[in-house]
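Have a look at the structure first, then read on.

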Amino acid sequence: MTGYSNSDREHMRRALSLAKLGMFTAHPNPRVGCVLVKDNAVVGEGWHRRTGEAHAEINALQAAGAAAAGSTAYLTLEPCAHEGKTPPCADALVAAGIARLVVAMQDPNPQVAGQGLEKARTAGIDVRTGLLAAEAERLNEGFVSRMSRGRPLVRMKIAASLDGATAMKSGESQWITGAEARRDAHRLRASSGAVMTGIETALRDDPSLTVRDETLGEDPLQPCRVVLDSHLRLPATARMLSLPGKTIVFCIDGSNRAALEGAGASVVEVDAIDGRPDLLAVMQNLAQIEVNDVLVEAGPVLAGALLTSNLVDELVIYQAPHIMGSETRRMIETPNLLSLDQRIAFEVVDSSMVGNDTRLTLRPAA
């Protein structure tokens with residue numbers, strides 16, 4: 001990219017690495033990193049840890065102190081310009097007397113959307129944007145999705161055998177993949193604002209849908225648990241309802257909601273499509289409560305419905321190196337796909353080994 005030095009790129013990469021420290025704790029806020037540089041030396045660094053706590057810019061300014069005056073600030077996201085849970089960071093940068101502001105990407109939040117950059121320019125600060133923008137957007141693509149599309153980014157996780165089985169006919173499925181893959185999947189949970197499943201999985205497995213990984217270091221936020229349950233069959237004794245955190249049950253008939261609400265669940269009624277909750281309406285509801293990323297861990301019916309509704313932004317498949325045979329449950333049910341030209345095409349964006357299993361990350365083909 002023209003207009004930027006190798007030093008600029010180095011410092012922005014450092015800012016991005018700082019932003020990643022908030023991967024499991026910053027949501028629903030975006031993950032943001034900041035580096036302050038003066039006379040070719042880093043004088044302050046910061047990153048955003050949790051909603052309500054200081055933003056990356058403020059932490060970096062506090063670390064730099066008086067040395068912030070005349071410095072260059074490298075920011076992975078445009079500084080906020082409005083009063084939220086914390087004061088505007090654009091004002092703090094101006095007050096500190098920085099000379100130059102290099103920003104990876106503009107904030108897609110309509111409350112900011114260029115206003116932070118304009119404040120800096122008006123104050124006489126040299127403002128540059130777009131350095132490593134793709135990397136910055138990738139880091140916060142769920143936040144970008146919520147702000148630009150009005151729905152979270154939807155990531156579907158599936159553990160399967162080489163022949164595409166997710167459970168034996170009896171329902172036995174623990175464990176298809178190894179411990180390393182299961183630990184990796186918990187990191188996906190920890191980076192998500194919500195974990196979604198369907199009522200059949202909830203009834204069969206009684207899952208907790210919580211993050212359980214002591215290797216994460218920072219205390220991760222527990223994702224919201226979401227169950228799609230058309231007629232509220234989830235029992236009030238379900239394990240997830242006894243755990244800390246929020247459980248939301250989406251239904252199409254909430255007339256018998258009292259027991260679930262008494263057990264601590266939030267029940268949300270949405271319109272029906274083909275006798276099941278409108279999936280787009282569900283996602284829009286989750287966006288309204290500031291969920292950026294949804295991790296789907298569901299059975300083949302819900303998985304197929306989401307795929308055929310074009311609501312899956314990323315598919316993560318953990319494939320174990322064994323054959324489970326024909327008397328098994330499959331990954332996805334799509335009875336409405338009857339010919340090859342109806343195929344849902346994906347492209348592999350990453351393939352790696354996790355323990356003895358293969359992790360495939362796929363995105364819808366362009």
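Let's start with how the chain folds back on itself: among contacts in the protein (heavy atoms within 4.5 Å) between residues at least 6 apart in sequence, 69% join residues at least 24 apart. Bear in mind that this is a predicted model, where local features need pLDDT of at least 70 and side-chain atom pairs count only at pLDDT 80 or more, while totals for chains, interfaces and linings use all residues. Residues are numbered from 1 along each chain as its sequence is written, and side-chain values use heavy atoms, with hydrogens and water left out.

There are 11 helices and 18 strands here; these are DSSP runs numbered from the N terminus, with helices being H or I of at least four residues and strands E of at least two. The C-alpha trace spans about 70 × 45 × 40 Å along its principal axes. The radius of gyration is 23 Å, which agrees with the value near 21 Å that a compact globule of 366 residues would have; that figure is taken over C-alpha atoms, and the globule rule is 2.2 Å times the number of residues to the power 0.38.

Of the 366 residues, 49% are buried, where buried means under 20% relative accessible area, exposed over 50%, and partly exposed in between (1.4 Å probe, protein chains only). The accessible surface comes to about 16,500 Å², with 50% of it belonging to carbon and sulfur atoms (Shrake-Rupley method, 1.4 Å probe; for residues, only the protein chains shown count as cover).

Now for the inside. A nonpolar core is a set of buried Ala, Val, Leu, Ile, Met, Phe, Trp, Tyr and Cys residues joined through side-chain atoms within 4.5 Å. The largest one has 36 residues, and Met-12, Leu-36, Leu-75, Leu-93 and Leu-101 touch the most other members. Several elements supply at least two residues each, including helix 1 (6-19), strand 1 (33-38) and helix 5 (133-139). Helix 1 gives the most, with five residues. Leaving aside residues up to four places away in sequence, Leu-93 touches Glu-57, Leu-61, Ala-73, Leu-75, Pro-79, Ile-98 and Leu-101. A second, separate core of 29 residues includes Ile-248, Ala-281, Met-283 and Leu-315.

Helix 1 also holds His-11, which counts as buried because its relative accessibility is 8%. Not counting residues up to four places away, His-11 touches Val-35, Val-37, Val-42 and Tyr-74.

Ser-161 sits in the loop between strand 6 (153-160) and strand 7 (165-168), and at 0% relative accessibility Ser-161 counts as buried. What does Ser-161 touch, not counting residues up to four places away in sequence? Its partners are Ile-176, Gln-319, Ala-320, His-322 and Met-324.

| Feature | Where | Angle |
|---|---|---|
| cis peptide bond | His-27 to Pro-28 | omega near 10 degrees |
| cis peptide bond | Gln-174 to Trp-175 | omega about 0 degrees |
| positive phi, not glycine | Asp-206 | phi near 45 degrees |
| positive phi, not glycine | Leu-232 | phi about 55 degrees |

Pro-28 lies in the loop between helix 1 and strand 1, and Trp-175 in the loop between strand 7 and helix 7 (179-190). Asp-206 is partly exposed, with a relative accessible area of 29%, whereas Leu-232 is buried at 8%.
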